[in-house]
Structures are given as C-alpha cells and as structure tokens.
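Please find below a colleague's note on the entry under discussion.

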Amino acid sequence: MSTMVFFFVPTVIFLAVVVPMWLMLHYWTRARLNKGLSGDEHQQLEETLALAERLEQRVQTLETILDSEHAGWRTSRDDDRPRPH
C-alpha cells in the first residue's frame, strides 16, 4: 500500500500543478508567436497598398485633366448645391 501512495501523491501533484502551468505557458508562447501577420496577410496588404496608390494617381490625373479643361469645376459644384434657409 505504501508503494501505491508513493506513486499516487507525486502523480496527483504533477497533474494538479505542473500540467496546467505547462499547458498555459505553452499556449501563451504560441499566441505570442502568432501575433503578427501571416505571409498571405502580408502579401494581401502589400497588394492593397499598391492598388490604393494606383487609384490615388488616377484621381490626381483626372483632377489635372479637369483643371486644364474646366478651370472652375471645383467651385462650380459648390454653387449648384441648394443653400439652407
């Protein structure tokens, strides 16, 4: 019977204290490693930024064309709006 107690007590202590701490630290470390962007997410972000830059250049080009062809296009739009009473 003492041999059984000799193995039972350390096993219970191991399962009650060591295993939960071990699991907690393991998943805490995994969460810290996965905190950043994945490779696919990083690539998608780069593609989106490139698209946004291209769209910004297009808008600037259109504004330049409108400025040269219709000099008052920015202010004429403000004049067409209904005014509050």
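Predicted model: local features only at pLDDT ≥ 70, side-chain atom pairs only at ≥ 80, totals over all residues.

1. The protein contains 3 helices and 0 strands. Read from the N terminus, the order of elements is α-α-α.

2. Surface. The accessible surface of the protein is about 8,500 Å². Carbon and sulfur atoms account for 63% of that area. Of the 85 residues, 0% count as buried; the cut-off behind this figure is a relative accessible area under 20%.

3. Helix α1. This helix covers residues 2-33, a run of 32 residues. From its first C-alpha to its last it reaches 45 Å, close to the 46 Å expected at 1.5 Å a residue.

4. The annotated segment. The UniProt record, an unreviewed entry, places a "transmembrane region" at residues 6-25. The annotation may be inferred rather than shown by experiment. In the model, the chain over residues 6-25 is 100% helix and 0% strand.

5. Aromatic contact. The structure holds 1 aromatic pair. It is formed by F6 and F7, whose ring centres are 5.4 Å apart and whose planes meet at 75°, so the pair is edge-to-face. The assignment follows because planes over 60 degrees apart are classed in this way. As to accessibility, F6 is exposed, with a relative accessible area of 60%. F7 is likewise exposed, at 53%.

6. Salt bridges. The count comes to 2 salt bridges. In one of them, R74 pairs with E63, and the closest N and O atoms are 3.8 Å apart. R74 belongs to helix α3 (residues 73-80) and E63 to helix α2 (residues 39-69), so this pair ties together parts that are 11 residues apart in sequence. A salt bridge also joins D67 to R74, with the closest N and O atoms 3.3 Å apart. Both distances should be read against the cut-off of 4 Å.

7. The charged network. What links E63, D67 and R74? These residues are connected in a network of salt bridges. R74 takes part both in the bridge with E63 and in the bridge with D67. On accessibility, R74 counts as partly exposed at 41%. D67 is partly exposed at 34%, and E63 is partly exposed at 28%.

8. Sequence spacing within a helix. An α-helix has 3.6 residues a turn, so residues three or four places apart point the same way.

Technical notes: Residues numbered from 1 in each chain as written. Heavy atoms only, no water. Helix = DSSP H or I, 4+ residues; strand = E, 2+ residues; numbered from the N terminus. Phe/Tyr/Trp six-rings, centres within 6.5 Å; stacked < 30°, edge-to-face > 60°. Buried < 20%, exposed > 50% of the residue type's maximum accessible area, 1.4 Å probe, protein only. Salt bridge = Lys/Arg side-chain N within 4 Å of Asp/Glu carboxyl O. Expected span 1.5 Å × (residues − 1). Areas by Shrake-Rupley, 256 points an atom, 1.4 Å probe, with all protein chains shown as cover.
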